[in-house]
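Colleague: I am new to this one and would like to find my way around. Could you show it to me and let me ask a few things?

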Amino acid sequence: MLLKKENILLVDDDIEILELLQRHLHSMDYHTYKAVSVKEAMYILQDTEIDLLITDINMPEIDGTQLIKYVAEHYPDMPKLVVTGFPSIEDALSVIKSGALDYLTKPFTKMELADSVKKSLAHKVSHKTGYKPITHYSNNSYADMIGSSEAFQKVIEIIERVKDNHATVLVRGESGTGKELVARAVHYSGKFARAPFIAVNCGAIPENLLEAELFGYSKGAFTGANENREGFFQAANHGTIFLDEIGNAPLPVQNRLLRVLQEKEVTRIGSRKKERLDVRVIAATNSDLEELIAKQIFREDLYYRLTVVTIDVPPLRERKNDIPLLVAKFLQKYGMEYKDRPTRISSDALKVLERYHWPGNIRELENVVQRAIIMCDGEIRLPHLPDALKYQIDFPEKRLKTLREMEKEYIQKVLIATEGNKTKAAEILNIDRKTLRNKLND
């Protein structure tokens, strides 16, 4: 098999990680060069045409952040991908500010590495040619999203209208529908694709830290503020900041966010100096913001600022025609990851997946397919699917429940499976504990 023309430089002081990266990338048909230090990497860069840098951060003598800055200065067209086992908000902001395109945390899967490498190399091509990235791979896909249903096409139509302007966008949809994918499609399919995209889960950061992390702070602003720090908004300047689970933002954060949207500037905590910003804000929620407004825990004026454009992401039960396409994607993706070959699915098993109501939406479908691929020997059949899916076919009257009832029932099943461990349940459901508590109390 002929190798692709791209040369990738791997930099890490851990020999085992270097060899693992090299094996994965060789299996994807890339040329690789290895360096165990920043100095060695610099020698390779001087003598070899490199298309992509993949580097660790924490290394002896000279760290990876300095290498990223060096490459940004001397090789401005070269995309940079950071791989690290010591993730932190400070590191993320630092490497993004230095010019890294992506941030991959160890341990990572082969498919996660492949996706990051593909996006990074695509960025190099678009930056070099001046053309925007091509997002339509086929008639059934857009960016990283797949579908052919009418509901899916309506989402794509709105993305096409907003991708090249700075209009504030609110993405609404149930958990697991792919709201962040929609936000990334808005950013990466338009003319701002080369600018930063910063994703922040407002429910995952403790309330007492969220304000400082979003807007930054000055030295001495509070106990522990030992230096001046930029926030996520400053890191996203000239690009997009994605505020996921915006309904969980406390009122002080809402107040500051409203001022940022109105005045196009931000003031760090403990400072009086205003900093001009050019940031597109995309927010997302699975909460009923109108209900939160009625309870006086979400500002009505902020709601109107956020809903200049609204994208409603349909639940999977409303786009069942897309299930075979999504299943095919997951079979290819996880078949290669777990079995080094695509996996098939029987027609009977596929019919079960098509008829199930999917309260957990695409995320639940993906998890079911992943598990089935692990359990099967090349073809997914009925015995490889969870009993809950098959029972749903036998008793169709069970579908006659409200959305909230089905969601709560699903959460209760997860709690039973985790023996009442709410932290683990929230992790499986991909929501924070506060959201879990609210849903259980509804």
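Predicted model: local features only at pLDDT ≥ 70, side-chain atom pairs only at ≥ 80, totals over all residues.

Colleague: How many aromatic pairs does the count come to?

Modeller: Residues are numbered from 1 along each chain as its sequence is written, and side-chain values use heavy atoms, with hydrogens and water left out. Rings of Phe, Tyr and Trp (its six-membered ring) pair if their centres lie within 6.5 Å; planes under 30 degrees apart are stacked, over 60 edge-to-face and the rest tilted. By this rule the count of aromatic pairs is eight.

Colleague: Which kind of aromatic pair do Y303 and Y304 form?

Modeller: A pair of aromatic rings is described by the distance of the centres and the angle of the planes. For Y303 and Y304, the centres are 5.4 Å apart and the planes stand at 70°. That makes the pair edge-to-face.

Colleague: Is Y304 buried or exposed?

Modeller: Buried means under 20% relative accessible area, exposed over 50%, and partly exposed in between (1.4 Å probe, protein chains only). Y303 has 10% and is buried. Y304, at 52% relative accessibility, counts as exposed.

Colleague: Which residues do ring pairs link into a cluster?

Modeller: Here the ring pairs join up through several residues. The cluster is made of Y188, F197 and F242.

Colleague: How many salt bridges are there?

Modeller: Side chains of opposite charge can pair when their charged atoms come close. A salt bridge here is a side-chain nitrogen of Lys or Arg within 4 Å of a carboxyl oxygen of Asp or Glu. Counted by this rule, the salt bridges number 18.

Colleague: Is R256, which meets E211 in a salt bridge, buried or exposed?

Modeller: The side chains of R256 and E211 meet at 2.5 Å, N to O. This pair links distant parts of the chain, with R256 in helix 10 (residues 251–263) and E211 in helix 8 (residues 207–215). E211 is partly exposed, at 21% relative accessible area. R256 has 16%, which means it is buried.

Colleague: Are E275 and R268 buried or exposed?

Modeller: Their side chains meet in a salt bridge, at 2.8 Å from N to O. Both E275 and R268 are buried.

Colleague: Where do the buried residues of helix 14 fall?

Modeller: In helix 14 (residues 347–355), the buried residues are A349, V352 and L353. Seen down the helix axis, they fall within an arc of 95°, an arc of the directions from the axis to the C-beta atoms. An α-helix has 3.6 residues a turn, so residues three or four places apart point the same way. The buried residues of helix 14 therefore line one face of the helix.

Notes. Helix = DSSP H or I, 4+ residues; strand = E, 2+ residues; numbered from the N terminus.
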